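Hi everyone, thanks for coming. Let me put today's structure on the screen, and then I'll walk you through it.

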Amino acid sequence: MQNFLMDLIAVLGANFFLRRHRKYRYLIAASAAASVVGLFLLLTVKNVMLYAIASHFLLNTAMVFFCFGRCGKKEFLENWTVTYFVVILLGGTLEWLSENRVLSREFLLFGIVGIFGVYGILLYLMQRKDFRNHIMEVQIKKCGRCLTLRAYWDSGNQLRDPYTGQGICILSDEKSKSFFNQKDDRFRLVPYCSLGESAGMLWVTDVDELLLFDGKKTIRVAHVAVGIANAGLMENREYDLILHASFL
C-alpha cells in the first residue's frame, strides 16, 4: 500500500506541476499496476543490483509511459524527471519525519493523496461550471421553418467557409435530418482540417438567421453557414449545435 501511495503521489505531482491534465483514473491504474509488478520483482529477484535497476529505471519508466501516454522525447523526459524527483523528495521527507517521529508515514501519504483528491474535485467542478456557462438556447430559421435547440459556444471552432468567409456552426446529424430538406436545400462540400482528420470534407448549407439567447439579450446573426456533423459524432450530448467562435 505504501509503495502504491508513493507512486500515485509522484505521478499526481508530475501531472499537477507540468499541467498534463491527465485523468485520475489513468494515474491510479498505472500506479496500482506498477505496485503489483514491484511487489512481484521484490519476491522473485534476489540480486539487489538487478532489482534496483528493474524497479527504479524499467518499472518507473513504464509507469510514466502508461500514465501520460505516447509523447515526444522532450515531454517524456520532463514527465520522467519530475516523477522521479517527487519520489526522491517524498522518500527523503518520509525518512526525516520517521526519524523525528513527527508524523507517521501512512498519515502523511494518505493526507497528500487526500489533498490531490480535493484539488481534483474542485478542478472538475470549476471546469463543469465553465462548460455549463457556454451552453445556451438558440433558434435557426430557414424558409419559414424554425428549430429550437441547445448550442455550445466553442472558442476552438475556427472553421470558416473558404468560398464565402463565413464562420461555420456544426449541427448534429440527427437534428439536421429533422430540419433540412435534402432535395430543396442547397448543400456544398467544404474542406476542413481537424485533429485526426487532415483532409476532411463537410456538407454545409446556409440558414436565413440564427437567434442566440444568452440569458441577458438576444443575438441575431443573419445568413449563417451550418455544417452537418458525421452520424454519431454529436449524439447523446448536452447540446446539438456547436457555435462558431466569432459568435460571442
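By a contact I mean heavy atoms within 4.5 Å. With that cut-off, among contacts in the chain between residues at least 6 apart in sequence, 62% join residues at least 24 apart. Two notes before we go on. This is a predicted model, where local features need pLDDT of at least 70, side-chain atom pairs count only at pLDDT 80 or more, and totals for chains, interfaces and linings use all residues. Residues are numbered from 1 along each chain as its sequence is written, and side-chain values use heavy atoms, leaving out hydrogens and water.

Now the interior. Of 248 residues, 39% count as buried, meaning under 20% relative accessible area with a 1.4 Å probe, protein chains only; exposed is over 50%, and partly exposed lies in between.

On to the aromatics: there are six pairs. Rings of Phe, Tyr and Trp (its six-membered ring) pair if their centres lie within 6.5 Å; planes under 30 degrees apart are stacked, over 60 edge-to-face, the rest tilted. Phe-179 and Phe-180 are edge-to-face, 5.1 Å centre to centre with 70° between the planes. Phe-180 also pairs edge-to-face with Phe-187, at 5.8 Å and 80°.

One last thing: the charged end of Arg-145 sits over the ring of Phe-179, 5.3 Å from its centre. For that I require CZ of Arg, or NZ of Lys, within 6 Å of the ring centre and within 35 degrees of the ring normal.
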